[in-house]
Structure formats: C-alpha cells, structure tokens
Amino acid sequence: MWLPLLVAMLAFAMPARAQVNAEQVTAIGRNVLSMDDYMLAIHYFNLAIKAKDYLAEPYFLRALAKMKLDDYKGAEADCTTAIERSKFMTEAYKLRGFVRQQMGLDSLAIEDFNYGLSHNPTDREFLFYKAVAEINLKRYESADTTLGRLIAANPRFQEAMTARAQLRVERGDTTGALQDIDASLKISKSQEYPYILKAQIYTEREDWPEAIEAMDEVIRLFPDRPELYINRAFLRYKDDDYYGAMGDYNETLHIDPYNSSALFNRGLLRFEVMELDGAAEDFSRVLDLDAGNFHALYNRALVYLSAGDYAKAEPDIRRIIAQYPRFYPAYYAMAQALHEKGDERGAVKNMMIADDIVRRYVENPEKNPLDRPTIDSMANSRGHEKGEEETDQEMMDRFNQLVTTEVDTQAALSFNDRYKGRVQDRETSLAPEPLFQLSLLAPKESLKAVGNYFRELGELNSRGYIEETIYLKEDATPLTQEEIEKAFELVESYTLALSKPKPRAVDYIARGVLYSMLRNYESSLADFNKALELMPDYTVALMGKGYAAAMLLATDKDAKPLAVIDIYDDALARNPRLVYAWFNKGNLYYQNGEFGMAEYCFDRAVELNPDLGQAYYNRGLSRMQQGKKNEAFSDFSKAGELGVLQGYRVLKSLR
C-alpha cells in the first residue's frame with residue numbers, strides 16, 4: 001500500500017515513520033481552496049482529519065469546499081462536526097445556516113443566524129442571510145426589522161438595500177422599492193440586481209422606456225449575456241421599437257448562434273413585418289434545434305400559408321394535428337391550405353371538425369377540453385397562476401407571444417468567506433491569460449493555434465529519463481478525482497526513487513511538477529531547487545521553479561514579484577529565445593502594475609512566436625492600461641483570430 005509513504009511525503013520529506021503534520025496539511029488545503037480547486041482541497045482536509053480528527057478547522061474548511069461544489073448536505077454535516085469540536089466557532093454556524101438556506105431549511109437556518117447574532121449583533125452576513133430567510137418564509141415584518149438593523153449598522157451595504165427593495169416589491173410597495181434601488185445605486189452602479197429589479201417594477205407598470213433604460217445598464221455591465229438582450233428586445237417591442245428589438249435578437253444570435261428563444265422571437269417579428277423568407281428560416285432553425293417545438297412548427301405553417309406555399313404548409317399542419325388532435329386552429333389553417341389548393345371538400349371537412357371541437361368544448365369544457373400546446377421555457381405568461389383558466393383568445397395570444405428568459409431578481413445570496421488569498425484579490429473581468437506551467441497531463445484541446453514546445457523540454461522528453469511526458473500548458477483546470485489519486489501515486493513513486501543514494505535531477509523535476517499540479521507549491525519549489533543544485537543550467541527546472549514561486553507569490557500579500565522575475569531572467573540567460581519565459585515574465589510585470597515592462601516582454605514573445613495568441617491578448621491588456629487604445633484593439637483582434645476568444649469579447653465590450 002502506498003498510503004503510509006504518501007502520508008510521509010505530505011509531512012514534507014520527514015522520516016518515513018513520522019505522522020502527518022495536520023496543521024501544515026490544513027494550511028496547504030486552505031491555499032488550494034483559495035484557488036477554487038475544491039476537490040483537491042477536500043483531499044488535503046481528509047488527510048488532516050485522518051491525522052487529528054478532533055480539530056474543528058479541517059471540518060469547517062472541508063464544509064466550505066463542499067458548499068462550493070453544491071454538496072449542501074455534506075457541508076451541513078461537516079459544519080455540525082466542526083461545531084461539536086468547537087461550539088464557539090461562529091463561522092461554522094454562518095456556513096451551516098447558509099447551506100441550510102440552499103436546501104430550503106430556512107427555519108433551521110434562522111436558528112444558526114440567531115446564535116451568531118447573540119455573539120455579534122451587528123454582523124452583516126448573519127443579519128443579511130437571516131433577512132433573506134425571513135423573506136423566503138414570508139415573515140415580512142421580521143424581515144423588515146432585520147434589514148432595518150442591518151442597514152442602520154452598515155449603511156453602505158448595497159446588497160441589503162437591494163434585499164429591502166425586493167421585500168417591498170413582494171409587499172406591493174413599488175414606490176418604496178424604487179427609493180431603495182436608487183439608494184443602492186448611489187453606493188455602487190456595478191451590480192446587476194438593482195437594475196434588474198428596477199426593470200421588473202417598470203415592466204409591471206408598463207413603463208417601457210424606464211424599463212429599457214434599466215436593462216441598458218445591465219447590458220452595459222454584462223454585454224455577453226444573451227438573455228439580457230432577449231428581455232430588452234421584448235421591452236423594445238412593447239415600446240413599438242421594432243428596429244431595436246430586431247437588433248437585440250441579432251445581437252443575441254451573434255453571441256449565441258443556437259439560442260432558440262432569440263430565433264423564435266426573431267421569426268415572429270419577421271413574420272409581423274412580412275419578411276416571410278427570413279421568418280420561415282428562423283422557425284426552421286428552431287425546429288432543427290428542437291424538433292418537438294410545435295409553436296415554431298405552427299408559426300412556420302402560418303408563414304408558408306402567408307407566402308402561398310401550401311405544399312410546405314400542409315405537412316407542418318398535419319404534424320400538429322397528429323400531436324394535438326383537439327387544437328382547433330390547426331384545422332382552420334388546414335382548411336385554408338386546402339381551399340387555396342382547390343380542395344373545397346377537404347377544406348369544408350376541416351372547417352367542420354374545428355367548429356365541432358369548439359362547440360363540444362363550449363357545451364362541456366371538462367368533458368371536451370381543448371389541446372393547449374405550451375412552451376416549457378416561457379416565463380412571461382403574465383396574469384395567470386398555475387391552474388387558472390385562460391380564455392381561447394389568451395391561449396392563442398400566448399401561442400404567438402414573444403418568449404422572454406428568466407432573470408433572477410432576488411438579492412445576490414453568496415457565502416462571503418474570508419479564506420481567499422491574493423489570487424482572488426486579483427480577479428477582474430479583464431484578467432490576463434495565465435502563466436504557462438509544467439504538467440504531466442496533456443493540454444486540453446483548444447482553438448489556440450500554437451503547440452507549446454521549447455528545446456530543452458523536448459530533449460528531456462525524447463531521452464526517456466522518466467516514463468511520463470512533461471508538457472507545457474496554460475490550462476489550469478482543476479484535477480479530477482482520478483487525476484488527483486494518480487498524481488499522489490506518482491509522487492510516492494518518485495519519492496521512492498529519490499530515497500536512493502544518488503538522486504537524479506530529473507526525478508526532482510518530475511516530483512516538483514506533481515507537487516505543482518497538487519498545488520503544494522512550497523514542496524514543488526523545494527524540489528526544483530534540489531534539481532538546480534544538481535544541474536544549475538537545467539532550464540526546465542527554472543521554468544517549473546518560476547511557476548511555483550509565482551503561485552506562492554499570489555497567496556502572500558507582502559511578496560514582491562521581482563524575485564520571481566529573476567528566476568525567469570536566469571532561464572532567459574541560458575536560452576534567450578525561451579518565449580514562455582518572456583510571456584510569464586510579462587505576466588508578473590502586469591500583475592505588479594508595471595505595464596510598460598509587461599508590454600516589452602510580450603513584444604519579445606510575439607517576435608519569437610507570432611502565433612502565440614495569449615501574448616497578443618496580454619499585450620492588449622497592457623496597452624489598454626497605458627491608454628494605447630488603438631494598439632490594444634489590434635492585439636485583441638489578433639488574439640481572437642489565433643483562438644483566444646476572450647479577445648473578441650473584450651473588443652465587443654470596449655466598443
């Protein structure tokens with residue numbers, strides 16, 4: 001069994017009989033958690049718990065990781081265990097209350113929040129989560145009181161203002177809700193929920209210009225979300241702005257060419273303005289995506305009828321009748337088609353069938369109900385609760401109604417944990433393409449044009465010093481459970497190899513790569529340093545060392561990137577054409593705010609490899625930071641052309 005050796009390995013090269021240092025393993029897991037690698041973090045917390053199951057922190061942190069993976073039941077159980085081991089750990093009550101909310105256990109959640117508030121009556125997360133739970137339970141008076149306490153203690157807590165606006169909407173006080181929304185937007189105009197709630201209020205008032213203005217702001221914040229354009233198109237249509245609505249559907253389909261809601265709506269709009277060929281094409285594309293969409297089928301049949309193409313209309317109508325034999329409008333449509341073809345007997349027969357269906361329904365609706373095809377995704381059947389009867393005209397209006405897409409108008413409810421490092425602090429909508437790293441996993445397939453190769457790495461792999469192939473990649477996708485277990489097995493194997501009297505530099509490199517894959521960057525850095533002691537000119541080891549040092553830098557608020565840049569300078573002194581060292585060095589300058597130096601490094605990378613799309617993209621960001629807008633646009637365009645699709649997205653949002 002390899003587990004005892006694995007345990008010794010995780011104790012950082014301690015003697016083979018040593019126990020796991022649970023605190024150190026927990027610290028590694030916490031760092032991994034801060035990088036959003038939840039499966040791997042859970043693996044480390046499992047080791048800590050196995051070593052010292054009386055500690056509360058590993059259970060709490062494992063609960064946090066499970067929550068991030070939507071394992072709410074598992075997170076609740078771990079929080080309960082953490083509380084059993086340390087009953088004054090208020091953060092565990094906060095997390096348990098939060099996951100209970102996610103499971104719909106709002107009453108139990110409130111018990112947890114009340115415990116936390118008994119120790120800290122002004123804690124804003126406890127108050128906020130409690131208020132949301134009270135809203136969910138329709139305890140509106142209590143929720144109003146809780147939100148009043150929250151806002152009094154935290155007057156600039158924007159989410160609280162939005163939550164109270166939501167509460168006021170539910171209580172029918174839209175005037176008060178708009179006042180809270182305005183107060184929320186004075187705090188910050190960078191959140192979507194106040195604008196979406198504002199759009200909802202004005203939509204219900206049928207104040208289309210105000211609703212459109214609110215949606216304009218949401219789209220300004222999130223220009224790549226197709227559902228926002230679909231909903232603004234609906235508002236523009238209601239405001240008689242057909243041109244604007246058509247533009248929004250076109251924009252949706254530019255972002256998402258297979259968006260069936262946008263295709264369906266655009267088809268209806270084209271039909272309305274008698275652009276019949278385009279309407280038929282849109283409905284046909286909807287049917288290609290969803291052959292059972294009878295709303296699209298019926299509307300396509302109507303388009304064919306309007307165009308006088310009865311040969312195409314008739315098969316569509318027959319399909320509808322076969323599926324919905326008591327959907328009387330289909331028989332009227334068939335009668336029209338047959339009449340135009342000169343089949344009067346058939347036309348009269350279908351008219352009589354339709355009339356008979358309607359007559360029988362009027363005489364006894366319960367015994368002779370009509371077929372009422374529905375669109376499952378429709379979110380805008382306004383004015384009818386489930387089970388409420390609608391008139392025939394309303395049914396037909398809905399059948400030919402524009403589809404909207406559900407947008408959440410609830411206040412954002414996310415767990416506000418305090419276990420993030422600098423990696424998260426640096427998150428931005430314009431984040432650079434990540435550093436290149438060594439890995440024993442082959443890169444995922446992508447549109448990016450370049451294969452990552454440099455001479456020294458090719459030589460190491462070709463000589464067969466180790467069984468595995470070492471790759472250079474920028475794909476930082478978290479490992480699967482199977483990949484985690486395999487990586488630990490390989491660490492054991494290389495630990496055995498390195499226990500021999502004369503360890504090889506290449507084995508230190510391989511284990512250093514594995515430690516890096518497992519986010520244990522301290523151990524990774526130590527192994528690359530050992531390799532460089534044996535072979536000071538080993539450029540591959542310098543690339544691995546640079547990445548491990550950079551990732552440690554990301555979790556240390558006081559660290560400076562210059563030391564890591566020196567590592568890449570050492571690699572470039574040995575191989576000035578090492579394009580990936582130039583790229584990684586440019587990233588570090590960018591993260592340190594030295595955008596001119598970053599641009600210089602990306603210049604060198606592009607000169608050495610004109611197909612490296614990531615370098616164009618990051619140089620574009622560097623140039624944007626320096627106000628070089630035109631040059632940046634050119635770089636983003638080139639990056640998109642080379643497969644870095646984020647380049648096109650940035651271009652779109654900036655324009």
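User: Which residues are buried in helix 14?
Analyst: This is a predicted model. In helix 14, the buried residues are Pro 226, Glu 227, Leu 228, Tyr 229, Ile 230, Asn 231, Arg 232, Ala 233, Phe 234, Leu 235 and Arg 236.

User: How many of its 13 residues is that?
Analyst: Eleven of the 13 residues in helix 14 are buried, so the helix is mostly covered.

User: What span should helix 14 have, and how far apart are its ends?
Analyst: Helix 14 runs over residues 226–238, and at 1.5 Å a residue its 13 residues should span 18 Å. The end C-alpha atoms are 19 Å apart, which agrees.

User: Switching to helix 25. What about its span?
Analyst: Helix 25 covers residues 481–498, and its 18 residues should span 26 Å at 1.5 Å a residue. Its end C-alpha atoms are 26 Å apart, in agreement with that.

User: Which residues are buried there, in helix 25?
Analyst: The buried ones in helix 25 are Ile 484, Ala 487, Phe 488, Leu 490, Val 491, Glu 492, Tyr 494 and Leu 498.

User: Now helix 4 and helix 6. At what angle do the axes cross?
Analyst: Roughly 25°, with the axes of helix 4 (residues 57–68) and helix 6 (residues 90–102) coming within 11 Å. Angles under 35 degrees count as roughly parallel, so helix 4 is roughly parallel to helix 6.

User: Left-handed or right-handed crossing?
Analyst: Helix 4 passes helix 6 in a left-handed crossing.

User: Which residues meet?
Analyst: From helix 4, Phe 60, Ala 63, Leu 64 and Met 67 meet Glu 91, Ala 92, Leu 95, Phe 98 and Val 99 of helix 6. The residues of this contact divide into eight nonpolar, no polar and one charged.

User: Next, Ser 184. Buried or exposed?
Analyst: Ser 184 has a relative accessible area of 0%, so it is buried. Ser 184 lies in helix 11, residues 174–187.

User: What does Ser 184 touch?
Analyst: Leaving out residues up to four places away in sequence, Ser 184 touches Gln 158, Met 161, Thr 162 and Pro 194.

User: And Met 624, where is that found?
Analyst: Met 624 is in helix 32, residues 613–625. Met 624 counts as partly exposed because its relative accessibility is 26%, and the band for that term lies between 20% and 50%.

User: How far is Met 624 from Phe 595?
Analyst: The two are 29 residues apart in sequence and 9.1 Å apart in space, C-alpha to C-alpha.

Conventions
Residues numbered from 1 in each chain as written. Predicted model: local features only at pLDDT ≥ 70, side-chain atom pairs only at ≥ 80, totals over all residues. Heavy atoms only, no water. Helix = DSSP H or I, 4+ residues; strand = E, 2+ residues; numbered from the N terminus. Expected span 1.5 Å × (residues − 1). Buried < 20%, exposed > 50% of the residue type's maximum accessible area, 1.4 Å probe, protein only. Axes fitted to C-alpha atoms, helices over the stretch in contact; angles between N-to-C directions. Parallel < 35°, antiparallel > 145°, perpendicular 65-115°, else oblique. Left-handed = near helix turned anticlockwise from the far one by under 90°. Contact = heavy atoms within 4.5 Å. Nonpolar A, V, L, I, M, F, W, Y, C, P; charged D, E, K, R; others polar.
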